[in-house]
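Please read each one with the sequence and the structure side by side.

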Amino acid sequence: NPQDPKMALGYAMALKAIGSRERALDVLIAGYRANQTNGEISAELGRLALDMGRLDIATQTLKVAETQGVKDWKTLSAQGTLRAKQGKHAEAQQYFLAALQEQPDAVSVINNLALSYALDGKADKSEELLRKAVASGHDDKRVRQNLALVLGLQGKFDEARQVASVDITDQEAKSNMSYLRNM
């Protein structure tokens with residue numbers, strides 16, 4: 001029943017949980033069409049659409065979610081990710097910082113903020129954030145690999161190789177550093 005926002009959300013969440021993201025997207029689109037001012041449906045649809053690379057849907061529905069006052073950390077992070085994908089890093093960083101106000105230990109947000117800083121020419125800020133995230137004890141391979149990338153981009157190749165080799169073979173790390181040097 002797409003007219004019932006709670007039913008549409010619940011059904012979509014269940015579909016996502018079993019791996020049926022396409023079907024969940026269809027359910028959320030139907031729910032959104034029937035409830036175009038419902039911020040929760042808009043936010044959920046926007047986050048899923050963004051995750052699936054459907055920026056057209058994400059842009060529209062995240063805007064509605066924001067208009068409706070949805071400001072949970074996951075939606076704020078999605079807003080930041082959308083802006084980053086659009087190359088609007090200053091805006092992206094504001095959304096990521098707002099998400100971190102709500103959920104300070106969200107490693108995915110810290111990682112995305114750091115990448116946005118790196119792409120915005122602020123490698124020092126990026127490095128600082130990624131180092132804190134790695135030191136916090138969150139065992140996240142992506143964060144370490146992004147730290148290695150940022151270190152390499154700054155010419156700190158030996159340290160970058162050491163960080164990278166925690167998760168990949170030493171030979172792969174050397175190959176990655178060679179690639180960065182050539183860039």
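1. Conventions. Contact means heavy atoms within 4.5 Å. The model is a predicted one, in which local features need pLDDT of at least 70 and side-chain atom pairs count only at pLDDT 80 or more, whereas totals for chains, interfaces and linings use all residues. Numbering starts from 1 along each chain as its sequence is written, and side-chain values use heavy atoms, with hydrogens and water left out.

2. Overall architecture. The chain has eleven helices and zero strands; here helices (H or I, at least four residues) and strands (E, at least two) are DSSP runs numbered from the N terminus. In sequence order the pattern is α-α-α-α-α-α-α-α-α-α-α. Along the principal axes, the C-alpha atoms fill a box of roughly 60 × 30 × 30 Å. Of the 183 residues in the chain, 43% are buried, where buried means under 20% relative accessible area, exposed means over 50% and partly exposed lies in between (1.4 Å probe, protein chains only). Among contacts with a separation of 6 or more, 41% join residues 24 or more positions apart.

3. I41 in helix α3. This residue is found in helix α3. Is I41 buried or exposed? With a relative accessible area of 0%, I41 is buried. Leaving out residues up to four places away in sequence, I41 touches P5, A8, L9, L28, G31, Y32 and N35.

4. Helix α4. This helix covers residues 55–67, and its 13 residues reach 18 Å from first C-alpha to last, close to the 18 Å expected at 1.5 Å a residue; the expected span is 1.5 Å times one less than the number of residues. Its buried residues are I57, A58, T61, L62, V64 and A65. Seen down the axis of α4, these residues fall within an arc of 155°, so they line one face of the helix. The arc is that of the directions from the helix axis to the C-beta atoms. What covers the buried residues of α4 includes α2 (21–34), α3 and α5. The face turned away from the buried side carries the exposed residues D56, K63 and T67. After α4 comes G69, whose phi is positive, near 85°.

5. Helix α8. Which residues of α8 are buried? They are S126, E127, L129, L130 and A133. These cover an arc of only 170° around the axis, which puts them on the same side of α8. The cover over them includes α7 and α9 (141–153). On the other side of α8, D124, K132 and A135 are exposed. The end C-alpha atoms of α8 (residues 123–135) are 18 Å apart, in agreement with the 18 Å that its 13 residues should span at 1.5 Å a residue. G137, with a positive phi near 95°, follows α8.

6. N111 in helix α7. N111 is found in helix α7 and counts as buried at 5% relative accessibility. Apart from neighbours within four places in sequence, N111 is in contact with L130, R142, V143 and N146. L130 is also one of the buried residues of α8.

7. P104 in a loop. P104 lies in the loop between α6 (89–102) and α7. P104 is exposed, with a relative accessible area of 60%. P104 and W73 are 31 residues apart in sequence, yet their C-alpha atoms are 9.4 Å apart in space.

8. The largest pocket. Its volume is about 460 Å³. Of the 16 residues that line the largest pocket, R47, L50, D51, K74 and A78 are the closest to its centre. On a 1 Å grid over the protein atoms alone, a cavity is a set of points where a 1.4 Å probe fits but cannot get out, while a pocket is an open set with protein on both sides within 12 Å along at least five of seven lines; lining residues have an atom within 4 Å of a point. Grid points are joined across faces, edges and corners, and a volume is the space filled by probe spheres set on the points.

9. The lining of that pocket. At least two lining residues come from each of α1 (5–17), α3 (39–51), α5 (73–85) and α7 (107–119). Helix α5 gives the most, with six residues. By type, the lining divides into five nonpolar, four polar and seven charged residues. In this scheme Ala, Val, Leu, Ile, Met, Phe, Trp, Tyr, Cys and Pro count as nonpolar, Asp, Glu, Lys and Arg as charged, and the others, Gly among them, as polar.
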